[in-house]
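Reader: I have a model open and want to learn how to read its features. Where do we begin?

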Amino acid sequence: MTSDDAGPAPEVADYPASWEADVLLSDGGTAHLRPITPEDAERLVDFYARVSPESKYLRFFAPYPVLTDKDVHRFTHVDHDQRVALILMLGDDMIAVGRYDKINDTDAEVAFLVEDSVQGRGVGPILLEHLAEAARESGLSRFVAEVLPQNRRMAQVFAAAGYTVSREFEDGMIMVEFPILPTDTSLEVMLRRERRAEATSVQRLLHPKRIALVSRADDLRPIITSILAGGYHGSVVAVPVDGGEVHGVPTAATVSEAGDIDLMVVSLPLDELPDAVHAAAAQNAFGMVVLHSGEYGFDANREVVALARRHGLRAIGPDALGMINTNPEVSLNASPAPMPRRGRVGVFTQSSSVGVILLATALDQKLGLSTFISSGMRADVTNNDVLHHWLEADDTEICILSLDRIGNPRKFFRIARAVAENKPVILFSPGAADREGYAPGTEHLEQASPEAVDAVFTQAGLIVCHRRLMMFDIAQILVRQPLPGGDRVHVITNGPAMERHSRRVAENEGLTCTGEVIGSRSAPEDYAAAARRALENPEVDSVVVVVVDVFNEVAQAAHDALAEVASESTKPLLGVFADFTDVEADVSGPDGPGGLPTFRGYAEALQALGRIVQYAAWRNSTREPWVEPPLDRVRAHDLVAADLDEHPNGRILPAATGHDLLACAGIDVLARTRVDSLTEATEAAAEAGWPVVLKASASAVRGQPDRASVFRNIDGPEDLAEAWEDLGRLMLDLQMPGTDPENPQLAAAPVVQAMVPPGVSLAIRTREDPAFGPMISVGLAGVASELLGDVTWRVPPLTKDDARDMLASLGVAPKLFGDAGAAGVDIDAVADLLVRVAALADRLPQVAEMVLNPCITGPTGVRVAGAEVRLTPGVDQRDALSRSLH
């Protein structure tokens with residue numbers, strides 16, 4: 001007997017909104033998941049009628065041909081606490097149901113029933129993920145199940161989920177039980193399935209075999225022209241909704257007469273889109289491309305996307321420019337634009353207007369594309385889906401993204417970094433894109449600056465550009481020439497002034513530049529010969545040839561000569577042609593290795609090369625694997641939870657509590673004592689041990705860089721009394737509101753602290769960004785460092801190599817690393833501190849901010865002399881533990 005047979009049906013209760021989600025199946029199709037309700041009674045009956053007798057037997061362990069009225073009532077009336085049931089919907093049809101019933105305070109029995117027609121599409125794992133998350137929210141920690149020995153599919157669902165499963169036979173049944181607390185393995189399984197499903201989804205959209213074009217006749221004609229001119233290898237049917245006449249492809253009066261289709265390309269007013277979605281689903285379409293037909297607005301776009309998902313469709317758009325796949329087996333141009341040259345560059349953007357600019361630039365530069373997708377805003381298919389596709393696509397080797405909005409920045413960062421390990425990812429200023437919070441309740445957090453976001457992506461191996469056209473400058477080098485082996489560039493030109501200008505730009509880009517001036521009226525073969533000599537020089541990593549051709553005599557011939565050299569080069573060779581004509585490159589074949597990247601301006605060429613050199617260095621560097629430092633997670637969580645229980649709106653923690661929290665990560669803060677009188681200060685100094693420091697802890701005082709608010713090397717009571725008086729005079733001079741003339745020192749919130757050896761004072765901060773989670777920064781302590789922007793940013797997880805890179809990126813790095821005669825500091829100790837701070841911040845989403853300032857570091861260690869921790873109410877789990885489409 002299963003748990004479904006026990007007890008009367010409970011009263012129906014509300015369920016959390018998070019239990020309802022659109023999900024992506026393993027074949028890339030979509031479905032809608034939600035809890036069952038009493039209104040689903042008829043759906044349940046119809047669903048059960050479609051389930052095969054064998055599946056019913058495996059579920060109920062006996063023939064069970066129909067559900068009784070009592071069964072239907074019990075199965076559809078659940079309290080969403082003791083009994084939980086989630087159903088998967090495709091359109092208006094239920095296609096699967098999963099449920100659990102509590103056995104006790106920690107365990108629940110779980111079971112599934114999946115319609116036979118959708119078995120094998122990853123339905124069981126999705127139900128298990130969402131049931132497990134709901135169970136964890138209710139305090140449960142383990143699932144148990146009874147499975148017939150022949151029910152191998154269900155046993156595999158449990159075993160493949162990444163949990164530790166134990167089994168035993170009992171009365172001819174397999175008794176399965178497993179803890180549902182997330183593990184590294186279960187998270188990896190979920191992410192791997194997510195990646196595979198998203199890649200499959202985009203792959204299917206880009207490879208349709210039969211397309212229906214649906215619009216008014218006038219709008220259909222340019223789309224038909226694009227598809228035919230692109231050489232699409234599938235079949236096309238046009239559906240002119242106004243009855244107008246079109247030519248070149250077969251037509252149908254309605255979509256239903258068009259037969260089964262894989263993809264619908266539609267351009268219709270908003271009020272006509274719902275009927276188009278229903279029609280596409282009825283013809284078994286996998287996806288839709290909703291071309292720009294006037295901007296509908298975010299809310300309307302969301303409604304269209306939600307409707308498409310619930311009917312199992314993936315949607316490019318609304319407000320999309322469309323998509324292009326130059327693969328010769330497909331040759332699909334589902335856009336109004338001309339078909340670009342075939343190549344290895346993938347381009348993704350959102351708004352159709354930006355898409356026009358990007359695609360026009362690619363066409364002008366003769367840059368070969370593999371795929372182009374303009375998804376529209378608030379779209380179904382996102383940059384994350386496309387990145388997963390590019391990660392596995394052999395025909396895409398360079399990735400360009402221009403984003404107006406990042407819907408799930410944490411996920412995007414994770415995926416983009418993984419892609420950058422294998423393929424260059426060129427990204428337009430991510431800090432300028434709109435960002436959404438990673439979870440409800442994070443909206444009140446302050447966003448990190450655009451500069452910090454851009455820095456984080458750059459340091460993660462992405463090539464960040466602040467001009468969209470620069471993305472294509474970089475792409476044409478990457479697609480046509482090899483990665484440079486270093487930063488040494490040799491510039492060849494026919495003018496001394498151009499040589500000086502080029503060297504200056506190269507050095508500003510961090511390149512080590514040498515120059516060579518050849519004759520002002522040099523022949524094309526002279527440029528080619530100079531380029532060959534430079535490329536053969538082991539001291540040169542890249543070569544840039546700048547041809548100034550005032551009288552239009554040699555530019556084209558020089559280009560052709562250099563193109564021949566580039567076709568055989570094992571180092572990057574770039575050509576810059578300053579003339580009054582357009583040099584023509586050979587574009588008769590696909591774009592790819594051996595081509596000559598061509599530029600109008602020397603600055604554009606060298607700036608693009610500089611970014612590529614940075615990427616090559618990052619990609620070729622040896623990065624150690626991340627290992628979590630020792631962290632008392634349980635105590636840290638308990639400290640945060642206890643304080644938020646008492647102060648639900650959050651607060652700056654008392655020093656003792658903040659220090660206890662940091663101690664959970666092995667971070668010791670130098671003890672300091674708050675004092676309110678000279679007597680208390682003297683007692684505290686004696687307890688700490690002379691010499692001591694007396695300093696102001698009030699932020700308003702510490703922010704006065706020209707005022708001495710820290711008194712060091714106090715050796716005894718007399719020195720302390722003098723420092724106390726000096727602090728009082730300082731407070732009177734500042735005339736801070738609320739300063740008591742009789743006891744002015746109190747306005748400084750004075751503290752006494754043991755003296756530590758002198759060193760370089762650093763400030764380490766974490767800030768919980770609503771989109772990215774914790775962002776970690778480091779810089780010299782003091783206002784000057786912040787005003788000058790000499791601060792570096794990262795996001796967890798941090799390895800020690802990452803932390804060392806942070807320090808090396810600072811303008812004051814020579815002082816830290818001991819260059820130019822400086823003593824240097826204990827870099828390993830600071831790196832270890834950064835890693836621990838990052839791990840603690842990553843594990844505790846409620847830590848809105850941590851400030852470790854100053855961190856005094858010398859040749860043999862680092863001491864944290866001040867620390868402040870601020871809590872804010874928020875979620876316990878930063879990333880979802882079940883898959884859903886956002």
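Predicted model: local features only at pLDDT ≥ 70, side-chain atom pairs only at ≥ 80, totals over all residues.

Reader: Which helices hold Glu194 and Lys411, and how far apart are they in sequence?

Author: Glu194 lies in helix H6 (residues 184-206), and Lys411 lies in helix H12 (residues 409-420). The pair therefore ties together parts that are 217 residues apart in sequence.

Reader: Are Glu194 and Lys411 buried or exposed?

Author: Both Glu194 and Lys411 are buried.

Reader: How many salt bridges does a search of the whole structure find?

Author: It finds 47. Take Asp107 and Arg142, whose side chains meet at 2.5 Å, N to O. This pair also links distant parts of the chain: Asp107 is in strand E5 (residues 107-114), Arg142 is in strand E6 (residues 142-147), and they are 35 residues apart.

Reader: How do I class the accessibility of Asp107?

Author: Use the cut-off: buried means under 20% relative accessible area. Asp107 has 9%, so it counts as buried. Arg142 has 29%, so it is partly exposed.

Reader: What about Asp40 and Arg43?

Author: Their side chains form a salt bridge too, at 3.0 Å from N to O. Asp40 is buried, at 1%. Arg43 is partly exposed, at 29%.

Reader: Which residues are linked in a network of salt bridges?

Author: Asp22, Arg309, Arg310, Arg314, Asp380 and Asp385 are.

Reader: Now sheets. What holds strands together?

Author: Strands of a sheet pair through backbone hydrogen bonds, either parallel or antiparallel. Here, an open sheet of seven strands has the order E15-E14-E17-E16-E18-E20-E22, with mixed pairing. Strands E15 (332-334) and E22 (463-465) stand at the edges. Each has a single partner strand, so one side of each is left without a neighbour in the sheet. From one strand to the next, the twist averages 15°.

Reader: How many bridges join E20 to E22?

Author: Three, and the two strands run parallel. E20 covers residues 425-428. Ile426 has Ile463 in E22 as its bridge partner.

Reader: Which helix lies across E20 and E22?

Author: Helix H14 (residues 468-480) does. H14 also lies across E16 (342-349) and E18 (398-402), running at about 175° to E18.

Reader: Can we finish with a residue in E18? What does Ser402 contact?

Author: Ser402 is found in strand E18. At 1% relative accessibility, Ser402 counts as buried. Leaving aside neighbours within four places in sequence, its contacts include Phe348, Phe428, Arg468 and Met471.

Definitions and conventions. Residues numbered from 1 in each chain as written. Heavy atoms only, no water. Pairing = 2+ DSSP bridges. Helix = DSSP H or I, 4+ residues; strand = E, 2+ residues; numbered from the N terminus. Axes fitted to C-alpha atoms, helices over the stretch in contact; angles between N-to-C directions. Contact = heavy atoms within 4.5 Å. Buried < 20%, exposed > 50% of the residue type's maximum accessible area, 1.4 Å probe, protein only. Salt bridge = Lys/Arg side-chain N within 4 Å of Asp/Glu carboxyl O.
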